[in-house]
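Please look through the sequence and the 3D structure below. The briefing after it is grouped by topic.

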Amino acid sequence: MGSLAAVHSAAGPAGSAAVERALRAAPHRGSEVDVLASGAVALGVSNDPTFRDAWAAAGGGRAAVVTGSLDNLGEVEAALGLSEPDGPAATLLAAIEAWGAAAPARFRGIFAGAWTDGDDLVVFR
């Protein structure tokens with residue numbers, strides 16, 4: 001199972017080094033690391049090269065990460081009108097744009113995630 005990490009920097013722009021260190025501290029969760037920084041927040045995921053279950057996406061000044069099983073991903077994508085979704089984290093970003101802070105409650109499954117607008121950090125499971 002992949003993992004996620006997040007850092008919120010009260011002192012200014014977030015660097016990705018702390019997130020990468022946190023992800024690499026748990027090598028049993030995966031050696032492939034993807035880190036995104038947006039304003040004061042850095043987010044990242046790790047995956048095993050043979051099994052991907054953690055995703056990261058960014059766009060419009062926002063970033064999101066999610067790991068686990070989103071059992072109703074197709075239903076949420078349909079409700080959002082996404083004809084060609086770009087992965088679970090991108091779907092999460094679209095859901096946040098559409099439904100705001102209530103977006104994570106629309107998903108079903110065993111998962112955890114985080115999103116940021118560059119200032120605030122929201123984590124959920």
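Pro49 is in contact with Ser31 and Glu32, leaving aside its neighbours within four places in sequence; contact means heavy atoms within 4.5 Å. This is a predicted model, where local features need pLDDT of at least 70, side-chain atom pairs count only at pLDDT 80 or more, and totals for chains, interfaces and linings use all residues. Residues are numbered from 1 along each chain as its sequence is written, and side-chain values use heavy atoms, with hydrogens and water left out.

**Pro49**
- Pro49 is found in the loop between β3 and β4; helices (H or I, at least four residues) and strands (E, at least two) are DSSP runs, numbered from the N terminus.
- Pro49 is exposed, with a relative accessible area of 52% (buried means under 20% relative accessible area, exposed over 50%, partly exposed in between, with a 1.4 Å probe and protein chains only).
- Gly30 lies 19 residues from Pro49 in sequence, and their C-alpha atoms are 6.9 Å apart in space.

**Ser46**
- Strand β3 (residues 41-47) holds Ser46.
- Ser46 has a relative accessible area of 0%, so it is buried.
- The side chains of Ser46 and Ser3 make a polar contact (2.5 Å); a polar contact is a pair of N or O atoms within 3.5 Å, and within protein one must be able to donate a hydrogen and the other to accept it, while residues adjacent in sequence count only if both atoms are side-chain atoms.
- Leaving aside neighbours within four places in sequence, the contacts of Ser46 include Leu23, Arg29, Val33 and Ala54.

**The sheet**
- Four strands form an open sheet in the order β4-β5-β6-β7, with antiparallel pairing (two strands pair if DSSP finds at least two bridges between them).
- β4 (54-59) and β7 (121-124) are the edge strands, each pairing on one side only.
- β4 pairs with strand β5 (residues 62-70) in the antiparallel sense over six bridges.
- Ala58 has Ala63 in β5 as its bridge partner.
- Helix α3 (residues 88-99) packs on the sheet and touches β4, β5, β6 (109-116) and β7; its direction makes about 120 degrees with that of β5.

**The helix pair**
- Helix α2 (residues 73-80) and α3 pack at an angle of about 45 degrees, with their axes 10 Å apart; axes are lines fitted to C-alpha atoms, for helices over the stretch in contact, and angles run from 0 to 180 degrees between N-to-C directions.
- That makes α2 oblique to α3, because angles under 35 degrees count as roughly parallel, over 145 as roughly antiparallel, 65 to 115 as roughly perpendicular and the rest as oblique.
- Residues making the contact include Leu73 and Leu80 of α2 and Pro88 and Trp99 of α3.
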